[in-house]
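Me: I have a model open and want to go through it. Can you take my questions as they come?

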Amino acid sequence: MRIFLLFLVLIPFSGIFAQEGTIHINVKDPVTLEGLNDITIIVDSKEFVTDEGGQTSITLPYGTYSVIINQDLYAPYSEQVIIDKADVDLNITLDRQSGSDGGGIAEIQLSDNEMNQSDNGQGVNSLLHSSQDPFSSAAAFSWSAARFRTRGYDSWYSSTYMNGFSLDNLETGYGSYSDYGGLNRIVRYKDGYESIKPAPYSFGNIGGVTNIMSTASQIQKQNQISYAATNRMYNNRLMYTYATGMQSNGWAFAFSISRRWAQEGYVPGTDYDAYGYFASAEKKLNDNHMIGISVFGAPQYRSKMGASTQEAYDLAGTNYYNPYWGYQNGEVRNSRIRKAHKPYAIINDTWKLNETTKIHTSIGFMKGRYGNTRLNWYSAPDPRPDYYRYLPSYQTDPYVAGLVTDYWENNVEARQIDWDKIYEINYLSKLAGGSANYIIEEDRIDETKYGLNTYITKDGGEHLQLSGGLDFLSHNSLRYKVIDDLLGADYWLDIDQFAERDFPGDADILQNDIQNPDNQVKEGDVFGYNYKFHTNRAKMWGVGRFYYPKVDFFTSAYVSGSQLWRDGLYQNGRYPDNSLGNSAKKSFLNLGFKAGITYKYTGKHYFEVNASYYTAPPMISNVFLAPRISNRYVPGIESSTVFSGELSYIHKGERWNGRLTAYQTNFYDESDLIGFYHDEYQTFVYMTMTGIDRTHQGIEAGVEVKATKTVSVIAAGNLGNYRYTSRPTAYISFDNLSQPDTSETIYQKYFYVPGTPQTTGMVGLKYFHPKFWFVSVNFNYFGDAYVSFNPERRTQLAIENLGPGDELIDIITQQEKIDGGYTLDASIGKSWRVKGKTIAINIMVNNILDNKTLITGGYEQNRFDFATKNVDKFPSKYYYAFGRNYFAMLTINL
């Protein structure tokens with residue numbers, strides 16, 4: 001009923017009649033400007049081929065259509081085109097292939113005839129979405145080394161779909177690229193809408209929405225193998241892709257498999273082994289109905305690298321020191337291993353009811369695992385080599401500090417995990433009949449997700465396009481710990497060591513599971529905590545897009561309902577009455593609206609204004625106090641509110657293309673959960689902050705100028721101001737119950753949002769030779785970034801007993817800024833045809849100047865010296881961008 005009411009608001013149905021128009025497509029090479037023959041063009045799963053002049057004509061009912069081109073030697077092209085009159089001209093100039101995977105910036109050119117008509121005040125082509133503009137390309141590639149986030153948004157403010165099915169994680173908000181990593185040839189076909197712009201398959205998000213189009217009929221016919229060598233996270237990548245395209249018998253098939261591996265990546269102690277697989281089959285039942293299925297996954301095993309303090313980096317003599325590994329029997333062993341595999345199956349159905357109406361349905365299912373290992377210890381020395389007590393700065397005696405410095409600088413074992421010592425201590429405990437002092441444990445999340453997205457599109461004549469639908473997701477996760485390795489011991493005693501210390505006479509309170517007390521767990525056993533998260537969400541939405549000679553506009557709305565709860569599988573000794581079984585179920589009703597208008601001054605000059613307002617439920621990962629051991633909700637948890645607006649000028653022309661956008665987004669009533677060891681109370685602590693408000697405002701710009709047929713100049717920049725605008729309340733729960741729950745005010749108002757540079761710039765050159773080789777060079781700048789801060793240092797407790805004007809107040813509470821930096825990147829490539837086969841070589845070198853001082857992020861430790869107020873006792877830890885690194889790839893199209 002609600003979606004019907006939305007359509008009543010958004011859609012004037014009267015006067016809708018099917019009409020037909022012909023789209024005349026002309027495809028050119030960007031250097032020679034000659035027409036390209038035998039180019040296969042996919043228009044809504046139907047294939048068309050250009051003639052000797054690079055032209056083809058297609059007659060279709062009025063409406064909006066996806067146009068996809070994936071041609072050897074050229075970058076992939078995707079565009080949405082409106083047929084709203086008898087004849088529509090579409091001149092496409094394909095970009096020459098560049099970059100590691102043939103990615104590039106495709107562009108749409110208007111014909112001279114349309115240019116002249118628009119300048120005379122006639123109808124102007126509507127500005128839909130196209131391949132990435134110069135700013136978006138810089139944000140995705142050139143600035144990725146510094147972990148740039150567009151507009152400072154977290155990843156959950158953008159949405160990703162695969163064949164119409166949502167890949168977003170309802171529990172954390174993060175959609176993970178690693179779920180389909182290594183499938184570069186499959187995920188390159190994208191239907192993306194930036195920021196607030198409307199999409200036909202989803203209400204979208206303020207950070208944009210992307211649908212990866214990978215049904216078998218949408219993947220162009222190909223038979224390709226490639227090998228890449230690199231010195232980044234992995235050293236080798238082998239990939240094979242085969243696709244039939246739509247065959248005369250109505251079947252289409254596509255298949256891809258890859259492997260990425262390294263014995264050691266750029267950072268010492270890191271190995272990598274990951275696979276990717278994809279298979280899709282699609283059947284055209286008749287002219288009006290298609291159905292298909294796609295299956296994909298990306299099992300991975302990866303050793304991790306850890307951040308450390310600058311003192312440790314300096315002592316090790318490198319900013320790529322990794323404290324997570326050491327030698328065991330002469331072999332490198334890393335304590336932090338990530339193992340994940342989340343296979344998906346998606347069924348798609350496209351049903352054309354008539355010439356103007358289609359129903360698209362996607363049903364998806366995912367069941368997989370995600371885990372991270374780490375060392376845990378009990379009644380034994382801290383095994384971390386960069387533990388603050390083991391560093392020179394902790395020593396009070398200068399002579400001892402000098403000895404520690406010498407030991408660190410001249411003995412590699414000082415900087416590594418001592419596996420031999422760990423095994424020795426465990427063996428001694430085993431001989432005495434005791435439990436393990438050290439173990440490797442794995443934090444596991446076993447996920448199950450299923451749902452559907454069904455939507456209808458209706459072309460209502462030359463001025464109107466309608467879409468709307470229902471998007472339902474159910475996400476459930478089983479969260480627990482498992483013994484990965486006992487490191488030579490016989491068992492691990494499953495109790496809370498901090499509760500045992502503080503409540504020595506209480507046998508129940510220290511039990512992680514009262515129903516299985518003093519449990520002696522072995523390798524493969526579950527221990528510590530064990531619970532399930534459940535989240536369900538249903539969203540109904542609708543959008544109306546209206547097209548007129550000089551003005552386009554859209555309106556869109558949604559309403560959603562969410563329900564979440566926790567199901568405890570252990571009866572925890574600290575919360576025996578509020579840990580086992582289902583918690584109360586929380587429900588949230590949310591809604592959103594957005595609208596925009598585009599003024600088409602001419603066929604070259606466009607002005608856009610877009611605005612969005614919506615509410616969103618809290619993520620289940622942020623709503624429980626001590627979620628690992630209790631069912632208690634954070635007091636007063638509520639939905640957050642987002643208001644966003646943007647104003648853009650866009651230019652599209654034969655000589656230059658560009659965009660200038662001013663934006664502002666306000667966030668209200670967000671929540672966040674962090675967990676850490678509290679030195680003052682000597683136990684693990686959960687801190688949930690509520691009432692977090694932020695403002696993100698700024699200007700982003702990008703331009704590409706064709707200086708000649710073969711040379712282009714590209715520039716892009718972002719000037720942002722992302723700040724917190726409230727003092728949130730933190731609810732603190734102590735894991736061992738040594739202190740009662742408490743709340744504090746976090747004085748972070750006007751702090752900068754950390755984790756991304758707020759000022760960036762890029763200038764570059766691209767050269768394409770007529771004989772299909774290219775060179776590109778980019779210079780990138782990053783500035784105004786901040787480390788993640790410890791909320792405990794911004795409380796009244798942190799500055800307790802300090803008088804007014806004490807300089808320590810500023811030292812304790814000030815926010816740490818990261819120094820700005822730069823990189824110089826270049827790429828070169830050559831493509832040619834040999835006996836009907838296409839061969840391409842691409843080489844990319846990033847950070848050519850080998851800048852190893854570029855900090856890409858960091859965080860203050862969530863430990864603070866409350867007794868002496870010494871901020872240097874637990875200094876910040878940092879991540880550094882890789883120095884000079886390369887990616888070289890050979891591709892053969894068979």
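Me: Before that, what kind of model is it, and which cut-offs and numbering apply?
Reply: The model is predicted, so local features need pLDDT of at least 70 and side-chain atom pairs count only at pLDDT 80 or more, while totals for chains, interfaces and linings use all residues. Residues are numbered from 1 along each chain as its sequence is written, and side-chain values use heavy atoms, with hydrogens and water left out.

Me: ok, salt bridges. How many in the whole structure?
Reply: The search finds 32 salt bridges. A salt bridge here is a side-chain nitrogen of Lys or Arg within 4 Å of a carboxyl oxygen of Asp or Glu.

Me: Which residue does Glu194 form a salt bridge with?
Reply: Glu194 pairs with Arg659, and the closest N and O atoms are 3.9 Å apart. This pair links distant parts of the chain, 465 residues apart: Glu194 is in the loop between strand S11 (190-193) and strand S12 (209-212), and Arg659 is in strand S35. Helices (H or I, at least four residues) and strands (E, at least two) are DSSP runs, numbered from the N terminus.

Me: Are those two buried or exposed?
Reply: Glu194 counts as partly exposed at 30% relative accessibility, and Arg659 counts as buried at 9%. Buried means under 20% relative accessible area, exposed over 50%, and partly exposed in between (1.4 Å probe, protein chains only).

Me: Which residues are linked in a network of salt bridges?
Reply: Arg151, Glu194, Glu646, Arg659 and Glu700 are.

Me: What about Arg374 and Asp443?
Reply: Their side chains meet in a salt bridge at 3.5 Å, N to O. Arg374 lies in strand S24 and Asp443 in strand S25 (residues 438-459), so the pair ties together parts that are 69 residues apart in sequence. Arg374 is partly exposed, with a relative accessible area of 27%, and Asp443 is buried at 17%.

Me: And Asp287 with Lys284?
Reply: That is a salt bridge too, at 3.8 Å, N to O. Asp287 counts as exposed at 61% relative accessibility, whereas Lys284 is partly exposed at 29%.

Me: Changing topic. Which residues form the nonpolar patch on the surface?
Reply: Trp656, Val705, Val713, Val763, Leu765, Phe779, Tyr781, Tyr822 and Leu849 form the patch, with about 760 Å² of accessible area together. S40 and S41 each supply at least two of its residues. Patches are made of residues with over 30% relative accessible area and no salt bridge; like charges are joined within 9 Å and nonpolar side chains (Val, Leu, Ile, Met, Phe, Trp, Tyr) within 5 Å. Areas come from the Shrake-Rupley method with a 1.4 Å probe, and for residues only the protein chains shown count as cover.

Me: Where is Leu849?
Reply: Leu849 sits in the loop between strand S45 (837-846) and strand S46 (855-859), and counts as exposed at 51% relative accessibility. Asn847 is in the loop between S45 and S46 as well, but Asn847 is buried, with a relative accessible area of 3%. Asn847 has a positive phi of about 55° although it is not a glycine.

Me: What's the phi of Asp784?
Reply: Asp784 has a positive phi of about 60° and is not a glycine. Asp784 is in the loop between S41 and strand S42 (785-786) and is partly exposed at 28%.

Me: Which residues form the negative patch?
Reply: Glu413, Asp418, Asp420 and Glu424. Asp and Glu count as negative and Lys and Arg as positive; His and the chain ends are not counted. The place of a charge is taken as NZ of Lys, CZ of Arg, CG of Asp or CD of Glu. Glu413 lies in the loop between helix H6 (398-410) and helix H7 (419-431).

Me: Why is helix H3 said to be largely enclosed?
Reply: Because seven of the nine residues of H3 (residues 134-142) are buried. What covers them includes strand S35 (656-678), strand S36 (683-706) and strand S40 (759-769). Contact means heavy atoms within 4.5 Å.

Me: Last one, what does Pro392 touch?
Reply: Leaving aside neighbours within four places in sequence, Pro392 is in contact with Glu311, Leu315, Ala401, Val404 and Thr405. Pro392 counts as buried at 10% relative accessibility.
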